[in-house]
Amino acid sequence: MPEPISVESNDVARENEALRAQLAEAQELIRAIQSGDVDALVVSGPQGDQVFTLKGAEYAYRALVEAMNEGAATLSADGIVLYCNQRLSDLVGIPLEQIIGSRASELVADEAKHTFHTLFAHALGGDAAKTEIELRNADAQRIPVYVSLREMKADGPTSLCMVVTDLTEHKRRDEIIAAGKLANSILESAAEAIALCDENGKIIKINEALENLCGFNPLFQQFDHALPLQVTTGTVSGGVVQQFSIADTIAAANQRGVEVGFRRKDGHAFSLLLSSGRIEGSSGVVGRVLTLTDITERKQAEDDLQKVNRTLKAVGASHKALLRATTEKTLLQEVCGIITQNCGHAMVWIGFAEQDEPKTVRPVAHAGFEEEYLETLRVTWADNEFGRGPTGMAIRTGEPCVCRNILTDPFFEPWRTEALKRGYASSLALPLMEDGEAFGAIIIYSRKPDAFSQDEIELLAELSADLAYGISTLRMRAARERAEQELRHNQEWLRVTLTSIGDAVLASDVNGRVTFLNPVATELTGWESDEAQGQPSLSVFQIINEQTREAAPDIIERVLKEKCIVALENHTALLSKDGREIPIEDSAAPILDRAGNIIGVVVVFHEVTEKRRAQEALRESEQRFRALFDNSPDAVLLSTPDGHVLAANPAACAMFGMSEADICRAGRQGLADPQDSRFAAAHEERLKTGRLVKAELNFIRGNGQRFTAEVDSIILPGSPTRTFVIMRDLTDRKRAEQAMLQNEKLASVGRMASTIAHEINNPLETIGHGVYLAMTDPGTPPEAKKYLDMATQELERVTHITRQTLAFHRESKTATLIDLCETVDDVLKLFGGRLKARGISIHKRYAGVESINAVGGEIRQIVSNLLSNSMDAVANGGRVSVRISPSIMNGGVSAVRLTVADTGLGIRPEQLQKIFEPFFTTKDVVGTGLGLWVTKQIVDKHGATIRVRSKPGKGSVFSIVFPLSQENPELT
Amino acid sequence: MAIIATSARILIVDDEPMLADTLAIIFRRAGYDATAVYSGEEALALVEAQEPSLIVSDVIMPGLTGVALAQKIRTSHPNCRVLLFSGNAETYELVEAARREGHAFDVLAKPIPPPVMLAKVASLLEQNREL
C-alpha cells in the first residue's frame with residue numbers, strides 16, 4: 001500500500017471530478033454543433049480564445065476537433081476512419097496517415113472488440129452510445145479510454161463521430177482514491193486510538209477512538225501536549241518514569257507494544273499499549289502514525305493478580321513469623337513489616353481495643369510511612385464519631401471494613417486531613433478475633449484509592465485470623481508461664497508459712513496417711529516428720545476426750561466423709577508419742593483440688609490451757625453482749641446503782657441526742673427531770689426488789705427538751721454494783737394518745753351540737769310565732785317593736801346555726817345511687833336567688849360520670865356548705881366554679897371528683913389546718929364553725945376524701961373525691 | 001303582707017299545741033280560716049267536716065305521721081294541698097319512702113320565719129285556684 005495516501009486522495013478526487021465535467025462538456029458541445037443549436041463557439045485555450053463558426057465550414061470543424069483535448073475521429077458507416085485528430089494519434093502511438101483509412105476496430109484491444117462493434121451498431125442505428133473500453137497502442141499496451149460514438153447528420157453519406165477520452169490517468173487516481181478510502185475507513189473503524197503526526201510532531205489526523213481517549217479534539221495540537229504519556233522502565237516497584245517525547249520518536253524505528261501511562265484531564269488514568277511507525281515520503285520521513293490500545297482493565301487485573309500473589313507471600317511470611325515469634329510485640333511488629341514490604345502498602349498498624357470508658361484503640365505496632373500519624377489518631381471502637389472509621393467498625397462488627405476513598409468517605413472525616421497529608425488514599429481494617437470477639441484490628445493504608453480487591457481482602461483476613469490465633473497462643477503461653485511461676489512462688493510461701501506458724505499442722509492423704517507435719521506438729525505429737533510420713537494419721541494424731549478418757553472421734557475420717565471443715569470437740573487432748581497428754585483445740589479441713597475433689601485433709605491444732613479456754617468463753621460472751629447492746633432498738637444504759645452511767649448504746653445516744661461520752665458525764669443526775677418526783681419511788685422499788693418494771697419517768701434531752709420514757713431497770717444479780725437501764729421514748733405514743741382523745745372529744749361535741757339543734761327547732765318555731773304575733777299586733781307600741789325586731793334578727797341567727805349543725809337529713813342512713821350532677825343542680829337551684837342577688841356567676845363543667853352510692857341529703861348538705869362558704873368568700877360579682885369529672889383514687893379505684901372553686905378571699909395557711917375542726921370559723925357573725933366539720937364527717941362516712949387548696953386574696957378550691965364502685969359498708 | 005280576698009280554709013297539725021295554736025293565729029290574722037289540731041288522727045277526722053283547701057302538718061308525731069296523713073288526704077281529697085314542715089331529721093326517711101311510692105311532698109324545715117310560711121301558703125293556694 002502506498003503510504004502517504006490520504007493527504008493526496010482528496011486532491012485526486014477533485015481532479016477526477018473536473019475531468020469528468022470536461023468530458024461531458026465536450027460531448028455536449030459536439031451534440032450542440034451536430035444539432036445546429038450552436039452557430040459559433042469560443043474555445044479558451046493556451047492560444048487565447050478562438051472563435052469557430054460552424055456553418056458548413058470543414059476547416060472550422062477540423063480546427064475545433066484538433067483543439068480538443070480528446071481524441072476524435074470520423075468513421076464511415078462501415079467503420080473506416082475517415083478522419084482522426086492528432087490527440088488520438090498520440091494516444092495510440094500510431095501516425096495519423098496510418099490510422100486514417102484503417103478500420104477503427106483495429107485500434108481496439110481484442111477483448112474489447114465485441115463491445116466496440118455493439119457500440120458501433122447502436123450508434124449507426126441513431127442511438128448515441130458510449131462506454132469504457134481499452135484500446136491497443138503501437139506497443140500492444142492497453143489504454144483505458146472512454147469512447148463515445150454518434151451518427152453525424154450531414155449531407156452526404158452517413159458517418160459517425162467518435163470521441164476518445166484517455167482514462168489511463170483516471171484509472172490510476174481511482175485506485176489511489178479507493179486506497180485512501182480504505183485507509184480512512186480502517187482508521188475510523190479501528191478500536192485503537194490512532195493519531196497521525198507530521199514531521200514536527202503535530203497531530204494532523206485522528207480517529208474517534210483517539211478523540212475519546214483524549215476527551216477532546218486534539219487535532220493540530222502538539223502530540224506531547226495533547227497526550228502526555230508516561231513510559232515506565234524497569235520493574236514495577238523500582239521503575240523509572242519518563243515522559244514520552246514525540247520529537248525523539250519521530251524518526252526512530254517502528255515501535256511495537258510499549259506500555260505507557262496516561263492521565264486524562266478529568267483525572268482518569270489509563271494504561272496504554274503504544275505502537276508507532278514512520279511515514280516516509282519521497283523526501284524522507286514525513287510523519288509518524290501512533291496507535292494506542294487501552295489495556296487499563298487488563299493491567300488492573302494483572303495488578304490485582306500480582307497483589308494477590310504478593311499478599312499470598314505475605315500470608316506465607318507471616319505464618320513463618322508466627323512459628324518463630326516468642327513475644328507478642330515482636331510478632332506484631334514483624335507482621336506489620338511483612339504486610340508493608342510484601343504487599344507494597346503505605347502503612348500498617350495494629351491496635352488493641354481497650355476495655356476503658358472511651359473504648360480506646362491503642363496502637364501497639366506499626367510499619368511503613370507513619371510520621372506521628374498514630375499519635376494524632378484518637379481512634380475508638382465506641383459507636384460515636386471516632387469509632388465509625390474502618391477500625392472502630394471492624395472491631396465492633398468483627399468484619400473487615402474498607403474505606404475505598406479517604407478523600408470522600410464521610411466516616412473518615414476525623415482523620416482525613418492527617419491521612420491525606422501522608423498520601424493515604426484508601427484503607428482496610430481487619431478485626432483480630434478471639435472467641436468471636438474482636439480484641440483489636442490490623443489497619444492497612446494504601447496510596448491508591450480503592451486499592452483492596454476482594455481476593456486481597458480475603459487473604460489479608462486470613463492473615464489477620466492467623467495473627468489473632470498467634471497472639472492468643474502467645475498470651476496463653478505467657479499466662480501459663482506466669483501461673484507456673486505463681487504456683488512455685490505460692491508453694492514456697494506456703495512451705496515457709498507452714499513451718500513458721502505457731503499452730504501445729506498435720507496433713508493426710510485421702511487414705512488417712514500422714515503426708516506432712518510442720519515443726520510445731522512434730523513437737524506436739526513427738527513424731528519426726530520423716531518418721532510420720534505414710535503412717536496412719538490415727539497413730540500420729542492420737543486424741544482422746546479429756547473427761548471420758550475415751551478416744552475422740554477420728555476427725556480426719558469425718559472430714560473425708562463430710563467434705564467440710566470440722567472443729568475438734570471440746571476437751572480434746574492429744575496423746576504424744578512420748579506419753580504426754582496435751583489439751584488441744586482447733587479444726588480440720590479438706591484439701592480440694594481445682595475441680596473440688598478431696599485430695600487430702602489438713603488438721604490445724606494448738607495447745608490450750610483451761611485458763612485460755614475461759615478467756616475465750618468470756619470474750620465470746622462479751623462479744624455477744626456487745627452486739628446486743630449496740631444493736632438494741634431500745635436505749636440501754638449500763639450504770640451503777642448510785643447513778644453513774646458507764647456506757648450508753650447508740651439508741652440511747654439517739655434518744656438523748658447526746659454522745660456516749662456526754663451521757664456518761666451527765667449521769668443520772670443530768671438525764672433525769674429534776675421535777676419528776678417519781679424517781680425517788682422508782683429508785684426505792686429497784687433497791688428493794690432488784691428490778692423496776694415499766695415505770696414512766698421524765699427525762700431531759702441534750703437540747704433541753706423534756707420527754708417521758710418507759711423504763712425497765714435491774715441490778716445485775718451477780719454484780720450488785722452494776723445496773724441495766726432500758727428505756728423506750730413514749731413521746732410519740734403520748735402524742736398519738738392525745739390526738740385520739742382530742743378527736744373523740746371533737747366527735748362527741750359535734751354529736752351533742754346536732755342533738756341540741758334537733759331539740760330546739762320546735763321551740764324556736766314557736767318563739768318565732770310569738771315574736772311575729774307580737775310584732776304584727778296593732779297594739780304593740782313602736783318601742784316594743786324595735787325590741788321585737790332585734791329578737792327576730794337574733795332568731796334568724798339561731799336558725800342559721802341549727803341549720804348548719806343539724807344536717808337536716810344527717811341521721812338518715814339510706815344510701816342510694818345518686819346522680820351527683822343532678823344533686824348539685826338541685827342545690828344550685830336553691831341558691832339561684834341568692835347568687836343572682838349578689839351578682840355571683842356560676843360556672844359549671846360536668847364530665848360524664850357514673851352515679852355514686854351515697855345518702856342524697858348528705859351530699860346536698862355538703863354541696864350547700866361548700867357553696868355558701870364560696871358565696872361568703874367572694875365579693876359581689878365574684879365567680880364560683882363547680883366541676884364534676886371522673887377520677888381515680890389511691891389503689892386505682894374509679895371515682896368521681898367534685899370541685900367547688902371560688903375567686904374569693906382565700907384562707908390563710910395557719911387557718912387551713914383548722915378549718916375542719918368544729919366551731920372554727922373565720923366569719924365572725926354569720927359563721928357557726930360547723931359547716932366544714934359536718935362536711936368532713938359526711939365525706940369520711942362516704943369513704944371519700946376532701947382536699948383544700950387556697951391562696952389568700954386569690955381564692956379557694958375544695959375538691960371531694962367519691963369512690964365509685966366501692967360499696968361503703970357503713971352506708972349500706 | 002298579702003291581702004287574702006277569699007277566706008281559704010287551712011288546717012294546722014302539730015303535736016306541740018303551742019306551736020299549732022300560734023300558727024293558727026298567724027294564719028287567721030292573715031285572713032285565712034285556720035283551725036289547729038294536735039294529731040294526725042284529729043286532722044283526718046276534721047277534714048271530712050271542714051274540707052280545707054290546705055293542710056299544714058308537722059311530720060313526726062305520735063300516731064299518724066304527717067307523711068301518712070298527707071298520703072291519705074291526697075287519695076281522699078285530691079283538691080286539698082298538704083304542706084309538711086319538720087324540725088327533725090327522721091322526716092327525711094318518711095318523705096323519701098313516700099317519694100318512692102310516688103308521693104312527693106314539699107317539706108319545710110323548722111324554724112320557718114312566719115313571713116316565709118305565709119308566702120309559701122299563699123303561693124300554694126294560688127296554684128290550687130289555678131288548677
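Trainee: How many aromatic pairs does the structure hold over all chains?

Mentor: Some ground rules to begin with. This is a predicted model, where local features need pLDDT of at least 70, side-chain atom pairs count only at pLDDT 80 or more, and totals for chains, interfaces and linings use all residues. Residues are numbered from 1 along each chain as its sequence is written, chains are lettered from A and ligands numbered from 1 in the order in which they are written, and side-chain values use heavy atoms, with hydrogens and water left out.

Now your count: over all chains there are 14 aromatic pairs. To pair, rings of Phe, Tyr and Trp (its six-membered ring) need centres within 6.5 Å; planes under 30 degrees apart are stacked, over 60 edge-to-face, and the rest tilted. Take A:F656 and A:F699: their ring centres sit 6.1 Å apart with the planes at 85°, so this pair is edge-to-face. A:F656 belongs to helix α21 (residues 650-656) of chain A and A:F699 to strand β29 (residues 691-700) of chain A, so the pair ties together parts 43 residues apart in sequence. Helices (H or I, at least four residues) and strands (E, at least two) are DSSP runs, numbered from the N terminus.

Back in chain A, ring pairs join A:F656, A:F679, A:F699 and A:F707 into a cluster.

Strand β30 (residues 706-715) of chain A holds A:E710. With a relative accessible area of 8%, A:E710 is buried. Not counting residues up to four places away in sequence, A:E710 touches, among others, A:K694, A:R728 and A:R733; a contact is heavy atoms within 4.5 Å.

One more spot in chain A: A:V379 sits in the loop between α12 (373-376) and α13 (390-397). A:V379 counts as buried at 6% relative accessibility. Leaving aside neighbours within four places in sequence, the contacts of A:V379 include A:W349, A:F386 and A:W415. A:V379 and A:W415 are 36 residues apart in sequence, yet 8.8 Å apart in space, C-alpha to C-alpha.

Conventions
Buried means under 20% relative accessible area, exposed over 50%, partly exposed in between (1.4 Å probe, protein chains only).
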